[in-house]
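Hello,

Please find the structure below, with notes on what turned up in it.

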Amino acid sequence: MLPFAALLLAGCATTSVPVAVEAPTVAATAETDPVDTAADAADDPAIWRNAGDPARSLVIGTDKKAGIHVYSLTGKRLSFTPAARLNNVDLRDLGTRVIAAASDRADIATAHVSLFTLDTAAAKLVPLGRFPVGPGEAYGMCFWTRARDHALFGFVVLKDGRIDQVAIDLSGASPKVTTVRSMKLGTQSEGCVVDDRTGQLYVAEEDVGLWRFDADPTAPVTATPIAKVDGKTLVADAEGIALAPSGRNGGYLVVSSQGDNAYTLYRLPAVTYAGRFRIGGGAIDGTSDTDGIELALGNFGPAYPQGLFVAQDGDNAPATQNFKYVSWAGVKRALKLR
């Protein structure tokens, strides 16, 4: 769906149609090998930064028809783990090991979460099991590490807008996953991210806008609206969400504005509009119809000195879908951000 200026004429009256705000273009630096399955397959990425050797950092990407891939920083596929209908993915580096979680849609009547250990030396995901969450079809997935006790939680966003929070206990021989509370948005929702600093959960309701919840399981389940799908700064569907934290509570929230192939930034903590950009204009083709996105700050080497932004590309013709890599420093330059 491409934006354009239009007038709808009805007799002598005219009604203006919202026109998306212009967005500068940032070139992709690399792209992953295409997924093996055709049509709508690639979906959501996650990033593990190797602090000791940034060039050996890894990117995870789901193929929601076949399984989950691990890629290098050059985009080369390093491994593939078969799994039925994994959708969104997130990961956490716990120091002693790296845990990944994916929303599992294999059973549309009962949502599951699939857990993995990321073997960073072998660049391979090792399954830890599938765990039921609640009734409905799993869609979105994001982690939260609670600051005061380092407890690990996951949020599974169901297709109908319900959000189930699970406590994840990794202390035993096998993980224990317990649903601890549920929240609800009105219509189809998917993308989510949690700010570990503030304990705030952000969720995208695709045709409506962005919402914020308190991530603590003892907190009220009331949602606070923070940004609308207005056809100007954010165009439906609002899809993936990523976070660029700075300081105690500052930085940026980034959202896939799927309807016009752009990415919208909001300045934290007030969640005020800060600009938007598109991916394209370089030797690598641009992105369109983006579902999932991810952003990790820090030094990833000369190509990504301030951080790495990864976006799913919904149209990578003539090849199947894949993921594009973009320098966060390039985004900041294009939008004149500090």
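Is alanine 123 buried or exposed? The model is predicted. In it, alanine 123 has a relative accessible area of 8%, and since the cut-off for buried is under 20%, alanine 123 therefore counts as buried. Its place is the loop between β11 (110–119) and β12 (124–135). The phi of alanine 123 is near 55°, which is positive although the residue is not glycine.

Asparagine 261 also has a phi near 55°, again a positive value in a residue other than glycine. Asparagine 261 sits in the loop between β22 (250–257) and β23 and is buried at 14% relative accessibility. Most residues other than glycine have a negative phi, and most peptide bonds are trans.

Two cis peptide bonds should be noted when you set up the model. One joins leucine 268 and proline 269, with omega about 5°; proline 269 is in the loop between β23 (262–268) and β24 (272–279). Another joins alanine 317 and proline 318, with omega about 10°; proline 318 belongs to the loop between β26 and β27.

Those two strands, β26 (residues 307–313) and β27 (residues 322–327), run antiparallel and are joined by six bridges. Glutamine 312 has phenylalanine 323 in β27 as its bridge partner. Both strands are part of an open, antiparallel sheet of four strands in the order β4-β27-β26-β25. Helix α1 (residues 328–335) lies across β25, β26 and β27, at about 65° to β27.

Regards

Note on methods:
Residues numbered from 1 in each chain as written. Predicted model: local features only at pLDDT ≥ 70, side-chain atom pairs only at ≥ 80, totals over all residues. Heavy atoms only, no water. Pairing = 2+ DSSP bridges. Contact = heavy atoms within 4.5 Å. Axes fitted to C-alpha atoms, helices over the stretch in contact; angles between N-to-C directions. Buried < 20%, exposed > 50% of the residue type's maximum accessible area, 1.4 Å probe, protein only.
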